[in-house]
Amino acid sequence: MTITEPAGTRTASTFDSLNPRTGAVVGTHPIASAADVEAAVARARTAAAWWGALTFAERKTRLNAWKGHLTRKIGELAEIMEAETGKPHGDAMLECALAIDHLSWAAGHAGKVLKRRKVPSGLVMANQKATVEFAPLGVIGVIGPWNYPVFTPMGSIAYALAAGNAVVFKPSEYTPGVGIWLAQTFAEVIEKPVFQVVTGMGDTGAALCRSGVNKVAFTGSTATGKRVMAAASETLTPVLIEAGGKDALIVDADADIEAAVDGAVWGANANAGQTCAGVERVYVHERVYDDFLTQVVARTKELHATNDAGAKIGPITMPSQLAIIRRHIDDAIAHGGKAVLGGPDSVGERFVQPTILVDVPEDSSAVTEETFGPTMTVTKVKDMDEAVALTNASRYALGSSVFSKRNGMKIAEQLRVGMTAINGVITFAGVPSLPFGGVGDSGFGRIHGPEGLKEFTYAHAITNQRMKPLIALTTFQRTEKAEEQLGKMITMLHGRGGK
Ligand code: NDP
């Protein structure tokens with residue numbers, strides 16, 4: 001296990017990461033000061049000049065070397081993640097596997113997506129050869145969460161690196177060991193500090209926002225996202241915000257109910273519900289509501305959040321979340337909702353048992369706010385129009401799921417969200433060529449896919465004159481005749497619009 005100091009030897013300039021199952025100290029790590037962050041960014045800037053000057057093929061070779069190294073040590077990474085988050089070993093392995101798959105895609109596709117390419121120059125500028133390339137921004141600051149401490153930041157780290165940037169990563173204070181391990185393995189195979197980690201609390205993250213990095217990629221709460229944006233605005237530093245969600249799962253009358261139940265149970269309870277694109281609301285067609293509810297309760301009853309080795313649900317990683325989960329359940333019940341499974345007593349000191357709420361008013365915090373626990377509200381709707389309207393009424397808009405045999409695509413296309421899985425849950429996150437990100441309070445910008453690569457670049461457009469222009473326009477030598485010719489050409493090209 002990677003620790004930077006002997007566990008438990010905490011000083012004013014270090015902090016402990018704890019095992020949320022037991023409270024035991026997992027590792028002790030430095031709290032990076034603003035000066036430490038600036039030094040890391042300065043090192044990154046030098047490394048970025050070297051890394052950015054490599055060809056795509058040279059970067060791919062190096063990133064593939066890291067990928068192989070990570071894959072061979074995947075068990076070690078999963079073990080640290082398991083200790084710091086409390087998630088089951090199988091879930092930790094799945095997360096590492098998906099992150100490695102994204103790293104592979106980003107390394108393999110960066111050249112194709114970003115390299116200089118020719119674009120049509122149009123009739124007015126027909127004498128110009130027009131090209132565009134997507135060039136690296138320089139140094140990217142990545143601020144990561146604790147719920148998926150490898151998969152989520154890797155969506156920024158891998159894509160930013162593949163696009164030719166250096167990265168300084170500030171992992172969550174709950175999962176610093178995972179971040180340090182990632183940077184150490186990178187340093188073992190790549191000769192310069194292109195990817196570094198700075199550990200600490202919120203202040204370290206705030207220092208990274210102000211450090212002069214060329215972009216900040218943040219994953220966390222909407223509230224902190226606003227603070228990150230405010231700090232970054234002081235230096236006109238662009239930001240990518242992956243904030244939370246309140247994702248809905250819609251069940252149509254013709255859905256395969258067993259599959260919908262399976263999706264809802266996993267989507268709401270996997271990782272103890274601490275998933276930004278996890279299922280928190282379920283809207284079910286009235287014709288299949290009773291059947292769905294009976295089955296979803298029966299299946300969820302089989303799940304227990306415990307400290308046992310074989311448990312499918314672990315603890316709540318961040319202790320302060322327990323009060324939020326309890327408040328949402330209490331609020332639902334105070335406003336006429338019913339717990340058909342679990343309820344307020346499900347919230348323990350470290351573990352929360354799965355809870356299913358029905359008849360919850362749409363303005364209750366259990367429906368409007370991100371709960372981040374193993375809970376779901378199940379609501380009867382008269383038709384799919386109502387399901388779509390209720391889904392779209394949230395200020396969050398990250399992911400969503402639709403279960404329907406015939407109307408999946410039709411329903412999905414009406415949802416105002418970043419991603420939708422039809423007849424599945426969260427499957428979009430595992431497809432490296434698909435962009436991932438939200439709308440509204442869920443944030444903006446995209447990780448993954450071609451959009452995720454472009455997110456860490458700027459477009460550099462170049463025109464190159466191939467021959468003298470037919471009509472010389474961008475000169476003080478421009479004649480009245482040229483202006484007349486331009487008028488005629490524009491009329492010919494666009495004058496019929498709207499007729
Ligand atoms: P935060 O948004 O507070 O923290 C996310 C990251 O930002 C952490 O690395 C944190 O560091 C860092 N940070 C905190 N303050 C600042 C700051 N002022 N400037 C820069 N970086 C900062 O999330 P929490 O972990 O506290 O979780 C709170 C809620 O956020 C959860 O209840 C959940 O609803 C939501 N969330 C959403 C996630 C998602 O995937 N979209 C992931 C995690 C949480 P540190 O941890 O050291 O404070």
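Which residue in strand 14 does Thr355 stand opposite? Keep that in mind; the tour gets there.

**Before you start**

This is a predicted model, where local features need pLDDT of at least 70 and side-chain atom pairs count only at pLDDT 80 or more, while totals for chains, interfaces and linings use all residues. Residues are numbered from 1 along each chain as its sequence is written, and side-chain values use heavy atoms, with hydrogens and water left out.

**Stop 1: the two domains**

Select 14-243 together with 448-458: this is domain 1. Then select 247-432 for domain 2. These bounds come from an automatic or database domain assignment. The C-alpha centres of the two domains lie 30 Å apart.

**Stop 2: where the domains meet**

You will find 25 residues of domain 1 in contact with 25 residues of domain 2. Between them the domains bury about 2000 Å², 55% of it on carbon and sulfur atoms. Buried area here is the accessible area (1.4 Å probe) that two parts lose on being put together, summed over both.

Now select helix 3 (74-85), helix 4 (89-114) and helix 5 (151-162). Each supplies at least two residues of the side of domain 1 that touches domain 2. Helix 4 gives the most, with five residues. Helices (H or I, at least four residues) and strands (E, at least two) are DSSP runs, numbered from the N terminus. Colour this side of domain 1 by residue class: 10 are nonpolar, nine polar and six charged. Ala, Val, Leu, Ile, Met, Phe, Trp, Tyr, Cys and Pro count as nonpolar, Asp, Glu, Lys and Arg as charged, and the others, Gly among them, as polar.

**Stop 3: a salt bridge**

Select Glu188 and Lys73. Their side chains meet in a salt bridge at 3.6 Å, N to O. The term covers a side-chain nitrogen of Lys or Arg within 4 Å of a carboxyl oxygen of Asp or Glu. Glu188 sits in helix 6 (residues 176-189) and Lys73 in the loop between helix 2 (56-72) and helix 3, 115 residues apart. The structure holds 14 salt bridges, but the count between domain 1 and domain 2 is zero.

**Stop 4**

Follow the strands in the order 7-6-5-8-9-19: an open sheet with mixed pairing. Strands pair if DSSP finds at least two bridges between them. Strand 7 (195-197) and strand 19 (443-444) stand at the edges, each with a single partner strand, so one side of each has no neighbour in the sheet. Select 139-143 and 166-170: strands 5 and 6 run parallel over five bridges. Ile143 stands opposite Lys170 in strand 6.

**Stop 5: the seven-strand sheet**

This open sheet has the order 12-13-14-11-10-16-17, again with mixed pairing. Select residues 355-358 and 375-381: strands 13 and 14 run parallel, joined by four bridges. Here is the opening pair: Thr355 stands opposite Thr375.

Conventions
Contact means heavy atoms within 4.5 Å.
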